[in-house]
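Visitor: I'd like to learn how to read a fold like this one. Could you walk me through it?

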Amino acid sequence: MKSMEEQVIRISVRALVEFILQSGDIDNRIASADKDAMQMGARMHRKIQRQMGSSYHPEVTMKIQVPFEGFTLQIEGRADGVMETDEGTVIDEIKGVFKNLDTMKEPVQVHLAQAKCYAFIYGEQNGLDSMGVQMTYCHLETEEIRRFRSEYEMEELRKWFYELTDQYEKWARFQVEWKKLRNQSIKQTEFPYEYREGQKELVTSVYRTILRKKKLFIQAPTGVGKTMATVFPAVKAVGEGLAEKLFYLTAKTITRTVAQQAFEILKEGPHRENGQISESEQMRYKTIVLTAKEKICFCDKAECNPDYCPYAKGHYDRINDAVYEMITETDDLSRSAIEQQAKKWQVCPFELGLDLSLWADAVICDYNYVFDPNARLKRFFGDNVKGEYLFLIDEAHNLVERGREMYSASLYKENIMKVRRLVKERDGKLARQLEDCNKQLLALKRECDGCQVLGSAGGIYLKLLSVMAEMERYLEECTEEEIREEVLALYFEVRMFETIYERLDENYMIYSEIDKEGKFQIRLFCVNPSVNLKESLDKGISTVFFSATLLPIRYYKELLSTEKDDYAVYARSVFDKKNRLLMVGNDVSTRYTRRGEKMYRRYALYLKEMALAKTGNYMAFFPSYRFMEEVYECFLDMVEEENIQLDCLIQAPYMSEEAREIFLEGFEEERDVSLMGFCVMGGIFSEGIDLSEDKLIGAAIIGTGLPQVCRERELLKEYFDKKEMRGFDYAYVYPGMNKVQQSAGRVIRTEEDRGIILLLDDRFQEKRYKETFPREWEGYQMCNIKNVKEKIRKFWDQTSSK
């Protein structure tokens with residue numbers, strides 16, 4: 001029997017009115033969406049509230065419960081203000097905008113609906129006969145204010161409000177009935193395999209973390225089965241009411257596919273392998289993979305306006321019916337099913353996917369849907385939104401650099417000037433604001449000798465507020481599409497700069513730079529993304545970070561979390577060490593001072609000896625394209641000189657998806673001779689590819705993977721040195737060794753695999769590098785060019801005799 005608490009369906013006032021009252025077209029030509037959600041809008045809210053006097057009560061929390069048969073709908077939110085006036089009680093709803101207030105004839109209907117909801121709740125709970133509603137629009141640059149005031153009898157508000165909730169009843173009822181069905185099916189779901197060694201302990205660790213509402217870092221070597229070991233306990237936790245929704249976050253498409261397969265295996269039930277699956281045994285769970293707009297769009301170009309796209313025209317008039325039909329008639333939320341439904345209802349497939357995610361139990365998506373301030377799903381991660389979410393973050397080592405990228409912003413002087421030239425004859429007002437901004441940037445450029453760390457960017461920020469206001473106006477008036485596109489591109493650049501400026505704290509560095517092309521930029525550089533990541537993670541209840549390369553764990557804890565009591569687990573490798581030969585070559589180096597023909601030939605010799613010891617497929621991972629090409633030329637010369645039969649493949653810069661597939665298909669072919677693939681460390685072939693069994697039997701990692709010395713790396717080093725946190729290691733060693741471990745991880749993928757890993761750089765013997773080695777690398781051997789051939793042959797003789 002479910003408790004009354006479990007029968008309460010909660011929804012915010014804003015979500016309710018936007019969901020029920022949405023109508024019309026998708027139109028991205030209107031650039032002013034969600035401005036009130038920006039922090040500068042929030043600051044303006046507080047300023048207006050302070051000016052209103054003692055009879056004004058700001059930020060008043062409200063909620064009301066509406067009973068329906070079998071459940072209760074709870075509508076909740078926070079009114080910006082409640083005023084006691086001579087005429088009676090008035091609800092004040094404040095919205096920050098950039099548009100010209102003189103053009104506003106009436107309040108935006110969705111905004112007014114929010115205020116009316118608060119008016120009804122307050123009036124109903126305080127026994128009032130009538131309520132006033134005030135819409136306060138504030139221009140974010142000029143601080144000009146425009147107010148719209150109206151009075152409502154409570155009976156009118158009551159009728160209107162209950163019509164709204166009646167329209168939502170079927171959606172709330174679906175949630176109640178689906179949750180009961182889903183949770184019942186999860187109860188009988190079991191782990192779909194025999195537990196591998198250490199896997200059960202991993203499952204237990206994940207479940208306990210969720211139970212205690214904590215964060216967990218998992219270092220889990222290849223073969224542990226970490227995807228199922230995280231998905232299964234998370235799904236069980238949902239079934240037991242510990243959470244409502246699961247977000248499985250990835251950095252790459254291939255890991256999204258693996259996650260999707262894990263959910264499918266759980267859904268199929270215990271008899272999936274012999275085909276005896278009854279409907280009662282199947283787990284009922286709706287899983288959706290979010291596909292990027294550019295990939296799922298039906299048009300040649302993702303231009304979302306009703307003049308260009310027929311699916312954008314009237315989209316909001318049809319979308320709710322399309323969603324309701326799909327969630328009530330099928331559990332299949334696959335890309336093909338979404339595309340089919342979008343065509344049937346003539347709605348945008350991308351937006352349909354986003355709307356379906358509200359009703360899905362698991363959302364598999366890229367990091368940016370949760371973390372990126374411009375791209376994250378506001379329905380889950382907007383202001384005042386919080387949920388019972390679980391976050392499973394796969395390949396979590398990628399989140400450090402992705403986090404820095406998502407929470408940093410640049411403003412280029414040249415982009416300001418380009419748009420100024422375009423609009424100079426068309427719009428003098430906008431051109432003048434851009435010119436003023438350019439003058440500030442020019443002054444900073446004159447002070448900049450290549451690169452300069454700045455104490456503040458406040459002057460530029462204030463000037464950009466004026467630029468934003470004029471661009472907003474211009475974009476609504478502009479009819480020349482090419483000009484509009486250029487202005488819109490700058491608008492997004494400026495908006496991002498403004499958004500990130502609002503986040504500046506001790507985790508940022510501000511600098512100006514003249515880049516290699518002579519372009520001048522101001523950069524807001526997020527050095528440590530943990531505080532920004534926390535903002536989204538706090539919307540849920542528990543997070544599990546996992547990867548095969550999450551070492552050293554303290555580095556990732558420092559940059560991905562702000563908590564000091566996070567859990568950490570090191571899952572033991574299930575593979576027999578005897579199946580792998582790991583050697584460090586001590587007579588080669590990738591240091592710039594030692595590079596040259598002699599060293600390139602020595603590296604080529606190592607690769608030749610590895611490839612000739614046993615016929616098979618091999619990969620060599622290099623620190624750069626330049627280094628790779630030098631060794632590749634030496635290798636080809638050597639093979640030709642000695643008349644050796646070997647096949648080669650080499651990675652090219654900017655390979656298309658088709659070219660990548662052709663490269664990997666080379667490792668699937670049957671061959672009479674060895675194949676050597678030349679690749680770049682940290683590139684597309686050093687992570688996320690799965691060449692199991694005899695498709696790859698050896699890898700040579702050339703160098704320690706250190707990122708190239710550049711301004712941002714040096715700024716990272718400086719920042720962490722000041723904090724006495726081993727700046728060189730944080731900026732160079734740890735990111736580099738992660739690439740080394742990822743490359744080495746391509747070799748042993750299953751218990752049947754046998755293979756060689758050569759770490760070819762004398763720096764691998766240094767303490768700072770050795771302390772990043774995973775536990776399963778214990779017992780590695782030293783080698784040099786004189787004895788490597790003998791050691792490799794001995795290994796293959798021993799493994800083949802088993």
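**Reading the fold and a helix pair**

Guide: Let's start with the contacts: in this predicted model, 78% of the protein's contacts with a separation of 6 or more come from residues 24 or more positions apart.

Visitor: And how many helices and strands are there in the protein?

Guide: You'll find 27 helices and 25 strands. The radius of gyration is 30 Å, close to the 28 Å that the globule rule gives for 802 residues, so the protein is as compact as a globular protein of that length. Along its principal axes, the C-alpha trace spans about 95 × 75 × 50 Å.

Visitor: What share of the 802 residues count as buried?

Guide: That would be 56%.

Visitor: Now for the helices. What describes two packed helices?

Guide: Two things: the angle between their axes and the distance between the axes. Take H5 (residues 199-211) and H6 (residues 226-239): they pack at an angle of about 40°, with their axes 8 Å apart.

Visitor: Is the crossing of H5 past H6 left-handed or right-handed?

Guide: Right-handed. On the H5 side, the contact is made by Gln199, Leu202, Val203, Val206, Tyr207 and Ile210. H6 brings Lys226, Ala229, Thr230, Phe232, Pro233, Ala234 and Ala237.

Visitor: How do the residues of that contact divide into nonpolar, polar and charged?

Guide: Between H5 and H6, ten are nonpolar, two polar and one charged.

Key. Residues numbered from 1 in each chain as written. Predicted model: local features only at pLDDT ≥ 70, side-chain atom pairs only at ≥ 80, totals over all residues. Heavy atoms only, no water. Axes fitted to C-alpha atoms, helices over the stretch in contact; angles between N-to-C directions. Helix = DSSP H or I, 4+ residues; strand = E, 2+ residues; numbered from the N terminus. Left-handed = near helix turned anticlockwise from the far one by under 90°. Contact = heavy atoms within 4.5 Å. Nonpolar A, V, L, I, M, F, W, Y, C, P; charged D, E, K, R; others polar. Rg over C-alpha atoms; globule rule 2.2 N^0.38 Å. Buried < 20%, exposed > 50% of the residue type's maximum accessible area, 1.4 Å probe, protein only.
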